[in-house]
Amino acid sequence: MSNPYHLLATGFGSGLSPIIPGTIGSLVSIILWLLLIQLPWYIYSVIATLSIYVGVYACQKTAKDMQEHDHKSIVWDEFIGMHITLIDLPVNNWEWVLGGFLIFRVLDIWKPWPIRWFDSNLHNGIGIIVDDIVAGILSVMMIYIIEQIINL
């Protein structure tokens, strides 16, 4: 963990959990998200964008060092996906955060189309991260639909 790229790619070590590392990484990402949402929107957006670019490199470097494309301990992609999922919740309360978490995890584990296509066809760091970006975007869409149904 002395390598900063490995530290980032493993979600500050959360991906080293011996059980369900992707889920643990997603949970830990909520702590970082709670800190980031205190920032003005434009700073949050810049940090989120930079975290994608830096994350692509860190995940690629870590995967290469581990000699495995998407080792289960690499969870920075879950951080990115969760931060996209939670970017525009109707209300920042624990119910919506939990709902977003559950929706994202189901999509990330199940990988329905188009998530599966990106997961299968893109490689290196971008391949590790893009399927979670798509899962995050689909999660946001599902949260929006749920909100609309609740408000009928």
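This is a predicted model: local features need pLDDT of at least 70, side-chain atom pairs count only at pLDDT 80 or more; totals for chains, interfaces and linings use all residues.
Student: How are H4 and H7 oriented to each other?

Tutor: The axes of helix H4 (residues 76-85) and H7 come within 8 Å and cross at roughly 25°. H4 passes H7 in a right-handed crossing. Because angles under 35 degrees fall in the first class, H4 and H7 are roughly parallel.

Student: Which residues of H4 make the contact with H7?

Tutor: On the side of H7, the contact involves Ile128, Ile129, Asp132, Ile133, Gly136, Ile137, Ser139, Val140 and Ile143. By class, the contact of H4 with H7 has nine nonpolar, four polar and three charged residues. The residues contributed by H4 are Trp76, Asp77, Glu78, Ile80, Gly81, Ile84 and Thr85.

Student: Which residues of H5 take part in the contact with H4?

Tutor: H4 supplies Glu78, Gly81, Met82 and Thr85. The residues of this contact divide into three nonpolar, three polar and three charged. From H5 come Gly100, Phe101, Phe104, Arg105 and Asp108.

Student: How many of the residues of H4 are buried?

Tutor: The buried residues of H4 include Trp76, Phe79, Met82 and His83. Their cover includes helix H1 (4-9), H2, helix H3 (41-66), H5 and H7. H4 is largely enclosed by the rest of the structure, because the count of its buried residues is ten of ten.

Student: Which element gives the most residues to the largest nonpolar core?

Tutor: This core has 18 residues, and Ile30, Trp33, Met82, Leu86, Leu89 and Val97 touch the most other members. Helix H2 (21-36), helix H5 (94-110) and helix H7 (124-150) each give two or more residues. With six residues, the element that gives the most is H5.

Student: Which residues does Ile30 touch, not counting residues up to four places away in sequence?

Tutor: Ile30 is among the core residues that touch the most other members. Ile30 is also one of the H2 residues that meet H5. Residues up to four places away in sequence being left out, Ile30 touches Met82, Leu86, Val97 and Phe101.

Student: At what angle do H2 and H5 pack?

Tutor: Gly22, Thr23, Ser26, Leu27, Ile30 and Trp33 in H2 meet Val97, Phe101, Phe104 and Arg105 in H5. By class, this contact has six nonpolar, three polar and one charged residues. H2 passes H5 in a right-handed crossing. The axes are 11 Å apart, and the packing angle is about 145°.

Student: Is Gly100 buried or exposed?

Tutor: Gly100 is placed in helix H5. Gly100 touches Thr85, Leu86 and Ile143, not counting residues up to four places away in sequence. Its relative accessible area is 1%, and the cut-off is under 20%, so Gly100 is buried.

Student: How far apart in space are Asn92 and Ile37, C-alpha to C-alpha?

Tutor: Asn92 lies in the loop between H4 and H5. Asn92 touches Trp33 and Ile37, not counting residues up to four places away in sequence. Asn92 and Ile37 are 55 residues apart in sequence, and their C-alpha separation is 9.5 Å.

Student: Is the peptide bond from Trp113 to Pro114 cis or trans?

Tutor: Most peptide bonds are trans. Pro114 lies in the loop between H5 and helix H6 (115-121). With omega near 5°, the bond from Trp113 to Pro114 is cis.

Student: Is Gln67 buried, partly exposed or exposed?

Tutor: Gln67 lies in the loop between H3 and H4, and has a positive phi of about 60° although it is not a glycine. Exposed requires a relative accessible area over 50%. At 75% relative accessibility, Gln67 therefore counts as exposed.

Student: What is the relative accessibility of Phe12?

Tutor: Phe12, in the loop between H1 and H2, has a positive phi of about 60° although it is not a glycine. Phe12 counts as partly exposed, because its relative accessibility is 47%.

Terms used:
Residues are numbered from 1 along each chain as its sequence is written. Side-chain values use heavy atoms; hydrogens and water are left out. A nonpolar core is a set of buried Ala, Val, Leu, Ile, Met, Phe, Trp, Tyr and Cys residues joined through side-chain atoms within 4.5 Å. Buried means under 20% relative accessible area, exposed over 50%, partly exposed in between (1.4 Å probe, protein chains only). Helices (H or I, at least four residues) and strands (E, at least two) are DSSP runs, numbered from the N terminus. Contact means heavy atoms within 4.5 Å. Axes are lines fitted to C-alpha atoms, for helices over the stretch in contact, and angles run from 0 to 180 degrees between N-to-C directions. Angles under 35 degrees count as roughly parallel, over 145 as roughly antiparallel, 65 to 115 as roughly perpendicular and the rest as oblique. A crossing is left-handed if the near helix is turned anticlockwise from the far one by less than a right angle, and right-handed if clockwise. Ala, Val, Leu, Ile, Met, Phe, Trp, Tyr, Cys and Pro count as nonpolar, Asp, Glu, Lys and Arg as charged, and the others, Gly among them, as polar.
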